[in-house]
Number of protein chains: 2
Amino acid sequence: MLLDALRAASIEAMPDTSEKPPIDSVTPPLSTRDRIIDAFAELLGENGERAATLDAVAAAAGVSKGGLLYHFGSKEALIEGVLERLATLVERDVAAIRSSPSGPVAHLIRTSMATGSALDKALVATSRLAQASNSTARDALRAANDAWYGIVLESTGDPVLSRAIMLISDGLAYGSAFLPESMTPDTAELTRSDIDDLVDLITEVTAQRAGH
Amino acid sequence: MLLDALRAASIEAMPDTSEKPPIDSVTPPLSTRDRIIDAFAELLGENGERAATLDAVAAAAGVSKGGLLYHFGSKEALIEGVLERLATLVERDVAAIRSSPSGPVAHLIRTSMATGSALDKALVATSRLAQASNSTARDALRAANDAWYGIVLESTGDPVLSRAIMLISDGLAYGSAFLPESMTPDTAELTRSDIDDLVDLITEVTAQRAGH
DNA sequence: GTCTATAAACGGATAGAC
DNA sequence: GTCTATCCGTTTATAGAC
């Protein structure tokens, strides 16, 4: 369930939660705050929690450690920043997926593999934090999953099938996020046509079960 | 694909690769080496890479840091220890799954959720290392996946369906490993009967596609 | 084989200049 | 808002006693 339906929109566009009134100019240059969250999420995703140190994040965001700590007073605050971003992106995604012309299920499967969208990055980063036993991160992931499951169930009306669809989506998401690039011949990187086949299979089974 | 088919067997039984000739006595007491690998894998799985420090591992294994470093000269060596253990356990599992009376696919799905077996622990630990961008760990996971996919394909003779089955297995494994316990009502912990339903669904679809 | 002590580097956070 | 300097606890690793 790593979606990139939002890629057409501004990649970041995660206005901070401070007092600043929203400016409806075109693509506002990323705030330092947003660049820092970006850098943190990316480091978490690329190299794991251990590599995502304040030093590394500051360097990647192009600020000093002191500069970073002006915006986020502690590492905990940085983590909260990522979680807030995820929540906003998931909310948007849920809206987008509901109104997908190809139907929610096909849309979900086709966008499950991580492709580097803002939502992908936030999800992967949050997943790393969850695995570092951060329970807030775990709750955030569960909330996102619940939302997606709800849409699929609503669409198919079939709990077992919905479960299977969600698990396939999870498998695609985790596999692409955790075992990127350079696959062996056997399980070689899933191609676009592999995904098409998968969607066809699901569509057939759905139709079959609907017509009991 | 987190299997616990081996739980009946000695939970550890990972004889070290040193010169000692194998002793075929009953359940040899765990060597210090094995206890250290256990502790490392468990800490990695429970609390993430950051928590799996030499200090913490030594304490959990009941030795001093110096004692630990006598057996594993560096953290890298410790990691290699976990990866070697995984390779051995996967090899055994592949043999076990091939000869499952309920059939390989049903066996795979039913044992995908992590339940704390030695193989589960080694897989989760390796997955953590893979996410910390350890490429050897990534290769090990891919190799295990290839082996399992091969068995499923052999069993169904249907590449697309096999892919779907593997993804469901992955979804079950990752979900149980990364978002343990206390689920929300919606996606509440999958029960035994949920898994039964899933196996039934897969069995039906497999039969349907086989009889084209 | 196992321990304590210690070195050297790193990570998070504060203080204060600009 | 951003920087440098610095403090202190942690982490990996070594040395050497038992």
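**DNA contact, a helix pair and the chain interface**

Good morning. I begin with the surface near DNA strand C, which by class has four nonpolar, eight polar and four charged residues. Please bear in mind that the structure before you is a predicted model.

In total, 16 residues surround DNA strand C. The closest are A:Thr53 together with B:Ser64, B:Gly66, B:Gly67 and B:Tyr70. Three helices each supply at least two residues of this surface: α2 (54-61) and α3 (65-71) of chain A, and α3 (65-71) of chain B. Of the surface near DNA strand C, α3(B) provides the largest share, with four residues.

I turn next to a pair of helices within chain B. The axes of α8 (residues 159-178) and α9 (residues 192-210) of chain B come within 11 Å and cross at roughly 175°. Angles over 145 degrees count as roughly antiparallel, and α8(B) and α9(B) are therefore roughly antiparallel to each other. From α8(B), the residues B:Leu161, B:Ile165 and B:Ile168 meet B:Leu198, B:Ile202, B:Val205, B:Thr206 and B:Arg209 of α9(B). By class, this contact of α8(B) with α9(B) has six nonpolar residues, one polar and one charged.

Finally, I come to the contact between the two chains. Chain A gives 40 residues to this contact, and chain B gives 40 residues. On the side of chain A that touches chain B, the elements giving two or more residues are α1 (32-47), α6 (118-131), α7 (135-156), α8 (159-178) and α9 (192-210) of chain A. Here α8(A) contributes the largest share, 12 residues. The residues on that side of chain A divide into 17 nonpolar, 11 polar and 12 charged.

Thank you for your attention.

Conventions. Residues are numbered from 1 along each chain as its sequence is written. Chains are lettered from A and ligands numbered from 1 in the order in which they are written. This is a predicted model: local features need pLDDT of at least 70, side-chain atom pairs count only at pLDDT 80 or more; totals for chains, interfaces and linings use all residues. A residue is near a molecule or strand if its C-beta atom, placed from the backbone, lies within 6 Å of it. Ala, Val, Leu, Ile, Met, Phe, Trp, Tyr, Cys and Pro count as nonpolar, Asp, Glu, Lys and Arg as charged, and the others, Gly among them, as polar. Axes are lines fitted to C-alpha atoms, for helices over the stretch in contact, and angles run from 0 to 180 degrees between N-to-C directions. Angles under 35 degrees count as roughly parallel, over 145 as roughly antiparallel, 65 to 115 as roughly perpendicular and the rest as oblique. Two residues are in contact if their C-beta atoms, placed from the backbone, lie within 7 Å.
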